[in-house]
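Please look over the model below before reading these notes.

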Amino acid sequence: MNDIALLDATAQADLVRRKQVKPIELVDAAIERIERLNPALNAVVTPMYDEARKAASGPLPDGPFTGVPFLLKDLLAEYAGVRMTEGSSFLSDHVSDHDTELVARYKRAGLIILGKTNAPELDLLPTTEPHLFGPTRNPWNTGRTPGGSSGGSAAAVAAGIVPMAHGGDGGGSIRIPASCCGLFGLKPTRARNPLGPEVGDLLNGLVAEHALTRSVRDSAAMLDATAGPEVGAPCHAPPPSRPYLQEVGAKPGRLRIAFTSSPLLGTYVHPDCAEAVERTAKLLENLGHDVEEASPDFNGEEFAKAFLVMVAGEAWVDIEEGEAVVGRTAKPEDFEASTWLFALFGKRYSSAEFALAMRRLRAAGRQVG
């Protein structure tokens with residue numbers, strides 16, 4: 001089972017399909033790895049062992065990942081009968097009464113959900129250190145962060161607990177932990193995966209959910225399983241011309257590629273990161289693609305302020321919605337100081353300032369395009 005744990009989800013599903021391993025065996029082995037590795041990592045904060053064993057023992061849907069163990073990030077992914085805290089003490093007793101559409105699609109894909117992973121409070125930070133559960137640690141070096149906000153999922157996948165896990169991304173929350181933990185992390189375009197049923201849009205379309213994986217083909221096959229429109233969504237992404245899995249290994253033709261190793265907002269980039277970008281650009285050029293150094297020209301300070309206005313406004317709304325869930329008024333001591341201060345910024349801004357922020361963010365998007 002230790003050798004099987006090193007396989008990606010596609011390979012594990014193939015073993016189940018050929019009856020060389022049973023789903024309950026994969027689940028029990030993954031639970032053993034959680035029990036053995038999680039004390040040092042603090043990646044899994046809500047175990048769902050009973051639910052997982054029950055699912056593995058019964059009839060499973062015939063999907064691309066039938067019988068494969070999986071973890072949900074403790075944010076956005078509602079699972080009926082299981083708590084969802086969003087990394088906040090204020091919501092520590094909240095139990096979901098339904099599945100979100102994405103979770104329903106995970107189940108239809110045959111995945112067996114073992115538990116929920118650590119995330120920062122209200123998903124606001126690029127690290128994973130909520131006061132409620134404490135910090136998650138990077139399995140490559142437990143003195144370092146796995147990044148965030150999907151840091152618990154990233155640590156679990158990098159440690160070999162599961163072959164892939166759910167994540168969400170608004171400002172890097174899949175991509176940052178993928179970078180920190182040596183994984184593949186794709187942020188799909190807006191509306192590619194469902195956010196419903198409650199949520200149609202978050203952060204002006206910037207929030208997208210998908211997965212952290214150890215292989216590109218797993219990410220592609222997962223997107224094939226979960227992508228598609230949902231009832232009531234404000235928009236939907238244009239359908240792909242063929243399944244994403246068919247793109248893996250396919251010849252792309254000659255591509256036009258722009259790159260930059262300079263920060264768009266004028267901040268610091270670690271030399272290792274800049275070198276990796278430039279090395280990749282050189283490789284792509286050697287493969288025959290048209291590569292040039294270029295970046296959009298927009299006001300980084302204006303962009304940063306617009307992003308702050310939008311995220312801070314959403315933070316205050318998150319707290320107000322949390323009050324409706326919990327049934328009482330939130331106080332400053334209910335939240336981490338940085339979360340509460342951030343939300344106060346959001347409450348302070350006017351609707352006109354929010355509208356201006358949206359225009360500036362959309363203008364930046366046009367320039368990038």
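1. Buried residues of α5. In α5, the buried residues are Leu102, Val103, Ala104, Arg105 and Tyr106. Buried stands for under 20% relative accessible area, exposed for over 50%, and partly exposed for what lies in between (1.4 Å probe, protein chains only). Cover for these α5 residues includes β2 (69-73), β3 (112-117), β4, β6 (208-213) and α8. Contact here means heavy atoms within 4.5 Å. Helices (H or I, at least four residues) and strands (E, at least two) are DSSP runs, numbered from the N terminus.

2. Basis of the model. This is a predicted model, in which local features need pLDDT of at least 70 and side-chain atom pairs count only at pLDDT 80 or more, while totals for chains, interfaces and linings use all residues. Residues are numbered from 1 along each chain as its sequence is written, and side-chain values use heavy atoms, with hydrogens and water left out.

3. α5 against α8. Helix α5 (residues 101-108) packs on helix α8 (residues 216-226) at an angle of about 115°, and the axes are 9 Å apart. That makes the two helices, α5 and α8, roughly perpendicular. The cut-offs are under 35 degrees for roughly parallel, over 145 for roughly antiparallel, 65 to 115 for roughly perpendicular, and oblique for the rest. Axes are lines fitted to C-alpha atoms, for helices over the stretch in contact, with angles from 0 to 180 degrees between N-to-C directions.

4. Handedness and residues of that contact. α5 and α8 cross in a right-handed sense. A crossing is right-handed if the near helix is turned clockwise from the far one by less than a right angle, and left-handed if anticlockwise. From α5, Leu102, Arg105 and Tyr106 take part; from α8, Met222, Ala225 and Thr226. By class, the contact of α5 with α8 holds 4 nonpolar, 1 polar and 1 charged. Nonpolar covers Ala, Val, Leu, Ile, Met, Phe, Trp, Tyr, Cys and Pro; charged covers Asp, Glu, Lys and Arg; the others, Gly among them, are polar. Just after α5, Gly110 has a positive phi of about 95°.

5. α3 against α4. How do helix α3 (residues 23-41) and helix α4 (residues 49-57) cross? Their axes come within 8 Å, at roughly 160°. α3 and α4 are therefore roughly antiparallel. This crossing of α3 and α4 is right-handed. On the α3 side, the contact uses Pro23, Ile24, Val27, Asp28, Ile31, Ile34 and Glu35; on the α4 side, Tyr49, Ala52, Arg53, Ala56 and Ser57. The classes in the contact of α3 with α4 are 8 nonpolar, 1 polar and 3 charged.

6. Aromatic rings. The whole structure holds 5 aromatic pairs. Rings of Phe, Tyr and Trp (its six-membered ring) pair if their centres lie within 6.5 Å; planes under 30 degrees apart are stacked, over 60 edge-to-face, and the rest tilted. Phe335 and Trp340 are stacked, at 6.1 Å centre to centre and 25° between the planes. Phe335 and Trp340 are both buried. Ring pairs join Phe90, Trp316, Phe335 and Trp340 in a cluster.

7. Ile174. This residue sits in the loop between β4 (164-169) and α7 (175-181). Ile174 counts as buried, at 0% relative accessibility. Leaving aside neighbours within four places in sequence, its contacts include Ser150, Asp169, Leu186, His210 and Leu212. Phe184 is 10 residues from Ile174 along the chain, with 9.0 Å between the C-alpha atoms.

8. Cis peptides. The bond from Gly148 to Ser149 is cis, with omega near 10°. Ser149 is in the loop between β3 and α6 (151-158). The bond from Gly196 to Pro197 is also cis, with omega near 15°. Pro197 is in the loop between β5 (184-185) and β6.

9. Glu86 has phi near 55° and lies in the loop between β2 and α5. Leu122 has phi near 55° and lies in the loop between β3 and α6. Leu122 is buried, at a relative accessible area of 6%.

10. Cys273. Is Cys273 buried or partly exposed? At 42% relative accessibility, Cys273 is partly exposed. Helix α10 (residues 271-286) contains Cys273. Ser179 is 94 residues away along the chain, yet the C-alpha atoms of Cys273 and Ser179 are separated by 9.6 Å.
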